[in-house]
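These are my notebook entries on one structure. I set down what I looked up, entry by entry.

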There are 2 protein chains.
Amino acid sequence: VVLSWFRRRRQAPDAPRLTPRSEQRASARVELAELTPSLESYLGHAAYLQLTFFEMLARSLTVAPTIAGKEVLSRVASRTLEKHHGLVDELRGLDLDVEATMEPHAGDLDRFRQLVRGQDWYEALISCYVAVGFLDDFFVQLGSGLGGDAGRRAVQLLAADSGADELAELVRAGTSDNERLAWRLAMWGRRLIGDTMLVARGAVDLHDMTRRSAEERIEPVFTELIAAHTRRMDGLGLTP
Amino acid sequence: VVLSWFRRRRQAPDAPRLTPRSEQRASARVELAELTPSLESYLGHAAYLQLTFFEMLARSLTVAPTIAGKEVLSRVASRTLEKHHGLVDELRGLDLDVEATMEPHAGDLDRFRQLVRGQDWYEALISCYVAVGFLDDFFVQLGSGLGGDAGRRAVQLLAADSGADELAELVRAGTSDNERLAWRLAMWGRRLIGDTMLVARGAVDLHDMTRRSAEERIEPVFTELIAAHTRRMDGLGLTP
């Protein structure tokens with residue numbers, strides 16, 4: 001029952017809500033805006049992140065057991081590659097060195113990709129689903145502190161759907177009549193969230209804030225993103 | 001000196017040419033038109049072939065030692081994925097089952113991908129360069145026997161450049177001051193051509209022709225494509 005507090009939180013009786021969800025989200029964005037890194041760092045990190053997603057999806061495509069699975073993954077991979085190229089275009093438009101801006105983020109993201117590689121196709125697929133869902137959301141919120149047209153365009157690009165529903169459909173096709181697999185993937189999904197949150201944490205800039213006051217700002221955002229993650233896993237029927 | 005006849009042929013003194021290159025090419029197309037498979041088989045084969053190229057390029061991207069190398073490969077991978085999706089759209093437009101039309105070609109192409117996987121990044125890169133160059137050319141010529149708009153659009157799509165020059169630049173950057181690597185890659189390039197020609201051969205339809213008369217038709221096309229392959233390898237400086 002590691003991390004079962006995800007579940008407990010959801011099962012708690014609904015407390016009266018003081019603020020509608022949209023306002024909660026808006027306030028989380030404001031918190032995170034104070035931790036937004038420079039435009040250069042943001043774009044470089046986000047661009048390498050999309051490339052990392054692409055590599056994860058392409059590997060899942062190669063190990064996919066069916067052509068139908070490959071087709072779905074090819075479409076999602078294509079969308080992450082479009083995001084990557086769009087962000088690279090923004091870097092070029094700012095006359096920044098594309099490789100140099102991505103380089104500082106490559107080591108952590110390459111390690112992340114190795115950590116969430118998974119033992120088989122389904123685990124690889126869940127990794128794509130969880131990482132893309134969580135980190136696209138996070139970067140969109142983190143980008144709220146960016147000024148200027150390039151920043152706005154980057155956030156808009158990242159907010160576009162990469163095809164999570166199609167990935168979910170692939171997972172459900174395998175787990176709907178296989179409880180053992182569903183259980184294993186639920187465990188895998190919970191393990192992933194720690195590594196995924198570390199990537200998110202690595203993208204914030206403390207500026208002149210203390211780590212403690214930064215944590216206080218990140219906490220409500222993570223709470224919200226973990227709730228969204230839990231909803232996504234629930235949507236897959238993966239909550240043993 | 002296995003396969004050194006590639007080289008000998010090129011070094012022979014120029015015989016007077018009776019026909020200019022463009023006419024030679026045109027006549028080769030006519031030969032191949034008699035071996036063109038059905039539109040359904042052609043589209044299914046070409047679509048899975050582009051997906052195979054994509055998988056080869058995506059793996060090369062993942063093992064690339066530099067971000068600059070990843071960037072180049074991401075662009076080429078994106079173009080092969082566009083070709084794949086374009087061909088899938090043609091299959092859909094004809095109300096054909098996309099997976100079922102690709103399925104008969106998957107086994108051979110998956111095996112091909114394993115065979116040309118290579119021991120390191122450079123070998124993987126040469127495999128992409130050789131396979132994309134040779135087989136895109138071949139499928140364009142094989143498509144000359146297709147009638148109808150869908151066939152014409154498919155051939156036009158396949159004829160578009162996937163980015164061979166950018167791949168070549170990556171190879172040259174590594175081999176220009178490394179003769180040992182250049183020699184090893186030249187050997188690898190020659191080994192590849194056999195497996196690559198088998199893929200091409202697997203795409204023709206004998207119709208009611210004998211295998212012998214089919215061979216007679218294929219031979220001049222292969223001679224031309226091998227000459228193009230040799231020019232490409234020469235362009236890389238890979239002809240020890």
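What percentage of the 240 residues in chain A do buried residues make up? I found that buried residues account for 52% of them; buried means under 20% relative accessible area, exposed over 50%, and partly exposed in between, with a 1.4 Å probe and protein chains only.

**Entry 1: conventions.** I noted that this is a predicted model, in which local features need pLDDT of at least 70, side-chain atom pairs count only at pLDDT 80 or more, and totals for chains, interfaces and linings use all residues. Residues are numbered from 1 along each chain as its sequence is written, chains are lettered from A and ligands numbered from 1 in the order in which they are written, and side-chain values use heavy atoms, with hydrogens and water left out.

**Entry 2: chain A as a whole.** I looked up the secondary structure of chain A and found 10 helices and 0 strands. Helices (H or I, at least four residues) and strands (E, at least two) are DSSP runs, numbered from the N terminus. Among contacts in chain A between residues at least 6 apart in sequence, 87% join residues at least 24 apart, where contact means heavy atoms within 4.5 Å.

**Entry 3: the two copies.** I then compared the chains.

Entry 4: I located Tyr48(A) in helix H3 (residues 39-63) of chain A. Its relative accessible area is 0%, so Tyr48(A) is buried. Leaving aside residues up to four places away in sequence, Tyr48(A) touches residues of both chains, including His105(A), Asp110(A), Ile67(B) and Lys70(B). The side chains of Tyr48(A) and Asp110(A) make a polar contact of 2.9 Å. A polar contact is a pair of N or O atoms within 3.5 Å; within protein, one must be able to donate a hydrogen and the other to accept it, and residues adjacent in sequence count only if both atoms are side-chain atoms.

Ser78(A) belongs to helix H4 (residues 67-93) of chain A and counts as buried at 18% relative accessibility. With residues up to four places away in sequence not counted, Ser78(A) touches Leu81(B) and His85(B).

**Entry 5: a helix pair in chain B.** Two packed helices are described by the angle between their axes and the distance between the axes. I read that helix H6 (residues 121-142) and helix H9 (residues 179-201) of chain B pack at about 40°, with their axes 9 Å apart. The residues of this contact divide into 15 nonpolar, 3 polar and 2 charged. Axes are lines fitted to C-alpha atoms, for helices over the stretch in contact, and angles run from 0 to 180 degrees between N-to-C directions. Ala, Val, Leu, Ile, Met, Phe, Trp, Tyr, Cys and Pro count as nonpolar, Asp, Glu, Lys and Arg as charged, and the others, Gly among them, as polar.

**Entry 6: Glu224(B).** I found Glu224(B) in helix H10 (residues 211-235) of chain B. Glu224(B) is buried, with a relative accessible area of 14%, and its side chain makes a polar contact of 2.9 Å with that of Gln141(B).
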